[in-house]
Amino acid sequence: MLDDRAATDPLATMTVLPDAALTEAQIAEIRRLAERADALVEASLSANTRKAYGAAWRQWSEWCLGFGLDPQRADAAWLAMHLTALSETRKLSTLELRRAAVLEIRRRLGLPLHLDDAQFRAFLAGLRRTKDARPDKKAALLEENLRAAMLWLDPETAPAPKRCLRDRALLLTGFAGGFRRSELAGFDLRDVSFTAEGLVLFVAGSKTDQERRGEEVGVQTVARSPLCAVTAVSAWLAARGDAPGPLFCRIDRGGHLTYGVDGRLQPIDSKTVARLVKRVIKGTGVGEGEFSGHSLRAGMMTAADRKGVPLEAAMQHGRWKDARTARGYRRHSSLWQGNFTDKLLSE
């Protein structure tokens, strides 16, 4: 029960279960439901989103149980308390994800959590202000980085030539198509086809395609260019062979392709893409800033902006739905187009 401070304490308005306590059977059932949280969003969210939402829901559930609350019924004031506790050690992006996860799973449980009151909106505004809402943007991997990478990843001199061929194809494809790291890791051999114009890759499902309708992305051939993704993928496929499985498969320390018991090549994960980008930047010594797997997607948008590609065309190619989000991927390139500040002090 709440103590005598409840009369003046804003926490007194929170919804709690009778006597603020749950039976062991109720706790067991809640934990069982928490374990099944991923299944609730299985059909409509990407694998990465399902994993993140599932982890967020389990943490919310454990936090609520610590106060004798049912996580399926605790109200917005308790969510505010949960986010406040997290804000002491977590970034704003993590807090936003936790909030979205709780709202989504509560909605799917048929017990939506309503956040339409002014007090909660004020809480979120204060949280964003105090946590500094500036996005944590990774550096863009650009043409100069890719040229250095192709020299560094030389299959003629490397001890593991197949790994070099795979990594070259992965980097150039990721840049040319503006692919997310999860999309690169998720490509299957069946998703690849060639036409007279170049390479066609089928994206089976992505962050902006939650209904998993799929979408084709074309990458044109760039004749005689060391940065041609089509040429790099062709060379990789010649080394990879036609075994069923992922396009960019796992390679062991000895430089050999790895197979599962079913005879299929084993997939890489999205972290492999991030590690590759960081390894290449470190190996070539080219580039300033913090790089990650997202640097390939940011690189495509930034390069397109530098070349004068209309935003709408770049958005369609990179499968962005929101123009404001897409503009955020242009790493300062647009700041200098039409910029006149040099003229302010010139004679």
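**Charge patch, buried helix and salt bridges**

Helix α11 (residues 270-284) supplies the largest share of the positive patch, three residues. The model is predicted, so to speak of local features a pLDDT of at least 70 is needed, and side-chain atom pairs count only at pLDDT 80 or more, while totals for chains, interfaces and linings use all residues. Residues are numbered from 1 along each chain as its sequence is written, and side-chain values use heavy atoms, with hydrogens and water left out. There are 15 helices and three strands here, taken as DSSP runs numbered from the N terminus (helices: H or I, at least four residues; strands: E, at least two).

**Overall**
- Of the 347 residues, 43% count as buried (buried is under 20% relative accessible area, exposed over 50%, partly exposed in between; 1.4 Å probe, protein chains only).
- The protein exposes about 19700 Å², with carbon and sulfur atoms supplying 53% of that (Shrake-Rupley method, 1.4 Å probe).
- Contacts (heavy atoms within 4.5 Å) with a separation of 6 or more are 60% between residues 24 or more positions apart.

**The positive patch**
- K51, R181, K271, R275 and K278 gather on the surface as a patch of positive charge (residues with over 30% relative accessible area and no salt bridge, like charges joined within 9 Å).
- K51 sits in helix α3 (residues 47-66) and is exposed, at 60% relative accessibility.

**Buried spots**
- In helix α7 (residues 143-152), N145, L146, A148, A149 and M150 are buried, and the buried residues of α7 pack against α8 and α11.
- T173, in helix α8 (residues 161-177), is buried with a relative accessible area of 1%.
- Leaving aside residues up to four places away in sequence, T173 touches G178, F179, L184, L201, A229, V233 and F248.

**Salt bridges**
- The whole structure has eleven salt bridges (a side-chain nitrogen of Lys or Arg within 4 Å of a carboxyl oxygen of Asp or Glu).
- E104 and R107 pair up at 3.0 Å, N to O; they are three residues apart in helix α5 (residues 92-108), so about one helical turn separates them.
- D167 and R166 form a salt bridge with their closest N and O atoms 2.9 Å apart; D167 is buried at 1% and R166 is buried at 5%.
- D188 bridges to R264 at 3.1 Å between the closest N and O atoms. D188 lies in the loop between α9 (181-186) and β1 (192-194) and R264 in the loop between α10 (229-240) and α11, so the pair ties together parts 76 residues apart in sequence.

Conventions:
Patch = residues over 30% accessible without salt bridge, like charges linked within 9 Å, V, L, I, M, F, W, Y side chains within 5 Å. Lys, Arg positive; Asp, Glu negative; His and termini not counted. Charge placed at Lys NZ, Arg CZ, Asp CG, Glu CD.
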